[in-house]
Amino acid sequence: MLIADHISHTYPNGVEALRDFSLHVSRGQFVAIVGPSGCGKSTLLRILAGLIQPSAGDVWLDGERITQPSPRIGLMFQDAALLPWRTVEQNIRLPLELGRKTTWRGNGNSEIGDWRSSDAQSLISSSIADLIHLVGLSGFERAYPRELSGGMAQRVALARALITHPPVLLLDEPFGALDAMTRESLTDSVEDILRETGTTAVMVTHSIAEAVFLADQIVVCSPRPGSVVGSVHVGLPRPRAWAMESWPEFGALVGHVRELLTQPTPTT
Ligand SMILES: Nc1ncnc2c1ncn2[C@@H]1O[C@H](COP(=O)(O)OP(=O)(O)OP(=O)(O)O)[C@@H](O)[C@H]1O
Ligand SMILES: [Mg+2]
């Protein structure tokens, strides 16, 4: 479904971030990317999102080349980046107002035309209410970002990323700035929501345990310039629960990923 085909990227300042990176993600799959800091993970995600053009290689989504941001690809970053003067509800609505998209897909089925029409507006309102419920923020519709905890702000960012019902969600260290307990409860929610909506996901994370908890496949990245060192299939049953962390299979998977991460890299 989503293919990164032999992606290389060198920034204008000469920094080679990625070298010949390929990734195949099938529909509904959750792929986690782990790798040393600075190996080009965020660069890869920005390329997958169509935010920057790779120096070489192509990104394909369902056979269509991605060359610019698309409403079919949702994004969530480490920083929720909510607009402080807008309520939770209004922040979630934002992607629909950015004008990239003049048609809106209701609950993924029917095109309902211009999102500014009153029909569209009432559908959007009910869709926002559904999403707020889904991410566990019922009662906070009219709260402002300053009234939210970090974890709640990330929940808003998740709902905002899902408002266009994107078939693909890209997550760059979405829980990186949160405390351990909040992280666990959010990863739990993300697993539920993605399963429920059938969303395909690619997530960058520093946490091997988080990758094992969420992913079907973990791709391990070499130090910069980033390329694929290896990948690990995670066959743990779903729904996942943090209690599985004490399972021997869980520990073995963590060990396997760690081994790939610490492999000496050829100095060519
Ligand atoms: N806009 C830019 N211009 C020039 N160099 C950049 C730019 N963005 C990133 N880089 C460089 O490209 C390399 C890869 O950066 P990137 O942010 O993709 O790494 P990362 O794997 O996401 O790191 P981290 O785990 O710390 O988030 C780094 O050496 C970084 O300094
Ligand atoms: Mg990064």
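How many nonpolar, polar and charged residues does the shell around ligand 1 have? This is a predicted model, and in it the shell has four nonpolar, six polar and two charged residues. The residues that surround ligand 1 include Tyr11, Asn13, Val15 and Ala17. A run from Ser37 through Gly38, Cys39, Gly40, Lys41 and Ser42 to Thr43 also belongs to the surroundings of ligand 1, and so does Arg224. Helix α1, made of residues 41-48, contributes the most to this shell, with three residues.

Arg224 leads on to the backbone. Most peptide bonds are trans, and most residues other than glycine have a negative phi. The peptide bond from Arg224 to Pro225 is cis, with omega near -5°. Pro225 sits in the loop between β9 (217-221) and β10 (228-233). A cis peptide bond also joins Arg238 to Pro239, with omega near 0°. Pro239 has its place in the loop between β10 and α7 (248-261).

Next come the phi angles. Ala81 is not a glycine, yet its phi is positive, at about 45°. This residue is found in the loop between β6 (73-76) and α2 (88-97). Ala81 counts as exposed because it has 12 other C-beta atoms within 10 Å, and the limit for exposed is 12 or fewer.

His165 is not a glycine either, and its phi is positive, at about 50°. The loop that holds His165 runs between α4 (150-162) and β7 (168-172). Is His165 exposed, partly exposed or buried? His165 has 18 other C-beta atoms within 10 Å, so it is partly exposed; a buried residue would need 20 or more.

Conventions:
Residues are numbered from 1 along each chain as its sequence is written. Chains are lettered from A and ligands numbered from 1 in the order in which they are written. This is a predicted model: local features need pLDDT of at least 70, side-chain atom pairs count only at pLDDT 80 or more; totals for chains, interfaces and linings use all residues. A residue is near a molecule or strand if its C-beta atom, placed from the backbone, lies within 6 Å of it. Helices (H or I, at least four residues) and strands (E, at least two) are DSSP runs, numbered from the N terminus. Ala, Val, Leu, Ile, Met, Phe, Trp, Tyr, Cys and Pro count as nonpolar, Asp, Glu, Lys and Arg as charged, and the others, Gly among them, as polar.
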